[in-house]
Every structure is written in C-alpha cells, then in structure tokens.
Amino acid sequence: MTLQTDIDSAAAQLKGRTPQEVLTWALGNYEKISLASSFGAEDVALIDMIAKIKPDAHVFTLDTGRLNAETYEVIAKVQQKYPQIQLRIMFPQAEAVEQMVSEKGINLFYDSVENRKQCCYIRKVEPLGRATKGLDAWITGLRRDQTANRSAMATVELDGDRHIAKINPLIDWSNEDVWAYIHQNDVPYNALHDQNFPSIGCAPCTRAVQAGEDLRAGRWWWEMSNQECGLHVNSDGDLVRAKG
Ligand code: SF4
C-alpha cells in the first residue's frame, strides 16, 4: 500500500470527526509527529487539545528573529501551562541572516517581493525544512475558510514536497469555533488578537486589520498581491500560514 493510499483511506475514515478524534488518531498512528505552531489562535487551541491527549507530544515553532514581543509572551505562557510539551524552537542559520541583512539592509522585505521571499526563505522555509526532516507527519492549524485556495484541503493529506502526512484537525472549524474553544478552556493566546490582529507573523510584516477586511489582509499589505507564504504550499515561507 502506498503512502498516498494510506492517507486517502485515513482521510475517508476521519471525515467529519472532531479535532480531538483526529489528533488522537494521528498521535497514535505516527511515531514521529509534531505540531507546527506559530502560536496563533488555532495553534494554541491545538496545543491545549494535544496536551490533554499526549502531554509530552512534540511541537515546533520558527523564531524568525523578527517576532512581536506578544508572541514571545504567549510562548512563555504556553511553556508554563503545558510543561511536558516538547517544544523545539527553530532559528534561522545565523550566517545566512548576517549575509542577507549586510547586503540588503535590515528591512529588505519592504523593497521588493524578491527580497521579501528571500527573507521568508532564510528565516522560515529553511528552518521549516530542518524541523520537518525525519518526521512521519506534521500537524497544522489550517482552516478551510482562511483563504480560497485552501478549499480543497482535507483532514489528512499527503505533503508531496516532504512525502509525509499532513494533519489538519481544524480544517472544518470556523474562526468562531476556535475562539469558543480558547475561552471555554482558558487557553493562553497572543494579546495581539485583542488588538485586531487576526493573523500574526513577523512584527514588521503584520498589521491590524479593519472591520470587514479579509482575516489575512494585515500580512504583507504593501505588496499588490498577497500571496501564500509557503510553509504549506510553495517556497516563499511562513509557519503554517499560506500567506506568511
Ligand atoms: S514575514 Fe517578513 S520578517 Fe518574517 S521572514 Fe518573511 S519577510 Fe522576513
């Protein structure tokens, strides 16, 4: 049986199941499995669910070096609340960052899409590759309604680039479902969410959104076309966010 066949079978079996049921299956089925977390709302909800199923489960995050103070604060709160969770914090290669900012400036991403993609590659995509190396499966906080090009996503799917399984337990949840879970379970969350930041990435590349704007309108707003960032789909780069 091929990996694709296995995954298709699992996807059919898990269709309509709750996130907790999907996580219980995934954590029991895969030995080397980790949640990719940017500590956004979906990710902290998943950490709470995972900690209740397997307290010492693995989670990784990408510290790009350009995160908001509020993101470090929620990371610390999560570490305090779930002390058994095995959190791996990935950093970019120092020499690559030094060379990039020395050649192009500390805020090079505002100058061109090419520069922004280079920064995302060095600070996010390359570390993501190291974080997922050797895994059998990774878990994401993706939701189907976040962007149009996620509409075809399934609860379990093949990550064709890495040839491992990708588990999306919240794929059928709405933003309201996520927040109801966070409040009902007293889950620590990034304080920027209370300041109209629905999607949080690096500090210089994220802003608050206005009422009625797309949930991801605050990411790379200066670019004409806000494209998916790449941790999931291409080589641009963002942890668990197809735009950054
Ligand atoms: S989101 Fe901005 S600061 Fe972060 S890696 Fe991408 S370009 Fe660099």
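**Exercise 1. State which residues W173 touches, leaving out those up to four places away in sequence.**

Solution. Take contact to mean heavy atoms within 4.5 Å. W173 then touches P19, M49, R143, D145, V178 and Y181. The model is predicted: local features need pLDDT of at least 70, side-chain atom pairs count only at pLDDT 80 or more, and totals for chains, interfaces and linings use all residues. Residues are numbered from 1 along each chain as its sequence is written, and side-chain values use heavy atoms, with hydrogens and water left out.

Helices (H or I, at least four residues) and strands (E, at least two) are DSSP runs, numbered from the N terminus.

Now a distance. W173 and L142 are 31 residues apart in sequence, and their C-alpha atoms are 9.2 Å apart in space.

**Exercise 2. Decide whether W173, N68, F39 and D186 are buried or exposed.**

Solution. Start with the cut-offs. Buried means under 20% relative accessible area, exposed over 50%, and partly exposed in between (1.4 Å probe, protein chains only).

- W173 has 18% relative accessibility, so W173 counts as buried.
- N68 has 13% relative accessibility, so N68 counts as buried.
- F39 has 1% relative accessibility, so F39 counts as buried.
- D186 has 58% relative accessibility, so D186 counts as exposed.

Phi of F39 is near 65°, a positive value in a residue other than glycine. F39 belongs to the loop between β1 and α3. Phi of D186 is near 50°, again positive in a residue other than glycine. D186 is in the segment after α7.

**Exercise 3. Find where N68 is and what N68 touches.**

Solution. Look between β2 (58–62) and α4: N68 is in that loop. Leave out residues up to four places away in sequence, and N68 touches L192, I200, G201, C202 and A203. N68 and N190 are 122 residues apart in sequence, with 9.7 Å from C-alpha to C-alpha.

**Exercise 4. Describe the largest nonpolar core.**

Solution. A nonpolar core is a set of buried Ala, Val, Leu, Ile, Met, Phe, Trp, Tyr and Cys residues joined through side-chain atoms within 4.5 Å. The largest one has 40 residues, and I139 and I167 have the most contacts inside it. Elements giving two or more residues include α1 (3–14), α2 (19–29), β4 (137–139) and β6 (164–167). α3 gives the most, with eight residues.

Then turn to I167. Among the residues that I167 touches, beyond four places in sequence, are V22, W25, I33, W138, I139 and V156.

**Exercise 5. List the residues around the ligand and sort them by class.**

Solution. Count a residue as near if one of its heavy atoms lies within 4 Å of the molecule. The residues around the ligand are F109, R116, C119, C120, R123, K124, C202, C205 and W220. Ala, Val, Leu, Ile, Met, Phe, Trp, Tyr, Cys and Pro count as nonpolar, Asp, Glu, Lys and Arg as charged, and the others, Gly among them, as polar. The shell has six nonpolar, no polar and three charged residues.
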